[in-house]
Amino acid sequence: MDITDVILRQHDEQRRMFAMLEEWPRDDREGLAAVWKRLEILLEVHAEAEERYFYPELLRLGTGGADAESVDEEVEDAVKDHNEIRDAVRRVGRSETGSDEWWTAVVDANVHNSDHMGEEERQDLADFRQRASLQLRHEIAVQFLRYEAVRWAEGITPRDKDPEEYVAEQKTDEPSAVAQKAAREAEEAATTDAVTSEPSLTASDDADED
């Protein structure tokens with residue numbers, strides 16, 4: 001597993017679900033509400049998982065991908081995007097399903113989310129691929145997916161975060177527990193590979209010694 005691939009796959013799922021809403025029969029309000037609820041949970045649990053497990057490691061290792069000025073700027077922008085998506089989601093919840101107000105809020109959520117995903121794929125994910133080891137990307141993916149699996153059934157309460165405060169709180173040069181674990185496992189794997197790749201005594205070697 002690779003956290004950058006996990007995030008990409010979930011972005012695709014979000015795009016598909018917004019497209020599903022666009023094609024859903026407008027008079028089936030029960031169906032619209034059910035599809036939206038599933039998407040709402042996916043959006044918020046995904047955002048919270050990124051803020052808990054992905055962005056802190058990106059802040060520690062990243063330098064700023066593509067057109068981002070710095071890693072701080074790209075993460076601040078991502079958290080700001082999450083807040084804007086949450087605001088649109090709240091407006092959906094305050095509106096009658098299927099009403100003009102409801103659809104306006106759904107479209108706003110789609111616009112904010114689409115902009116966020118495009119920028120995250122261009123900047124954050126590219127930055128992390130270039131800086132993080134495969135083992136670390138795997139370890140983060142395990143934590144990320146475990147958190148989501150536990151919370152997807154009921155969802156979580158959306159909570160805005162101040163982008164600048166978030167970066168200030170999360171940024172550190174010290175390796176996190178998950179980074180230390182990834183480094184240990186990579187070292188152990190390298191040691192094991194070195195031992196198993198040592199040449200063994202062959203039959204011809206035995207014959208030469210005789």
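**Exercise 1.** Is the crossing of helix 2 and helix 4 left-handed or right-handed?

*Solution.* This is a predicted model: local features need pLDDT of at least 70, side-chain atom pairs count only at pLDDT 80 or more, and totals for chains, interfaces and linings use all residues. Residues are numbered from 1 along each chain as its sequence is written, and side-chain values use heavy atoms, without hydrogens and water.

- Locate the helices (DSSP runs of H or I, at least four residues, numbered from the N terminus). Helix 2 spans residues 29-61 and helix 4 spans residues 100-131.
- Take their axes (lines fitted to C-alpha atoms over the stretch in contact; angles run from 0 to 180 degrees between N-to-C directions). The two axes come within 12 Å and cross at roughly 30°.
- Angles under 35 degrees count as roughly parallel, so helix 2 and helix 4 are roughly parallel to each other.
- The crossing is left-handed: the near helix is turned anticlockwise from the far one by less than a right angle.

**Exercise 2.** Which residues of the largest nonpolar core touch the most other members?

*Solution.* A nonpolar core is a set of buried (under 20% relative accessible area, 1.4 Å probe, protein chains only) Ala, Val, Leu, Ile, Met, Phe, Trp, Tyr and Cys residues joined through side-chain atoms within 4.5 Å.

- The largest core has 27 residues; Ile3, Phe54, Tyr55, Val75, Phe128 and Leu136 touch the most other members.
- Helix 2 gives the largest share of this core, seven residues.
- Now take Phe54. Leaving out residues up to four places away in sequence, Phe54 touches Ile3, Ile7, Ala49, Asp124, Leu125, Phe128 and Ile140 (heavy atoms within 4.5 Å).

Note on methods. Helices (H or I, at least four residues) and strands (E, at least two) are DSSP runs, numbered from the N terminus. Angles under 35 degrees count as roughly parallel, over 145 as roughly antiparallel, 65 to 115 as roughly perpendicular and the rest as oblique. Buried means under 20% relative accessible area, exposed over 50%, partly exposed in between (1.4 Å probe, protein chains only).
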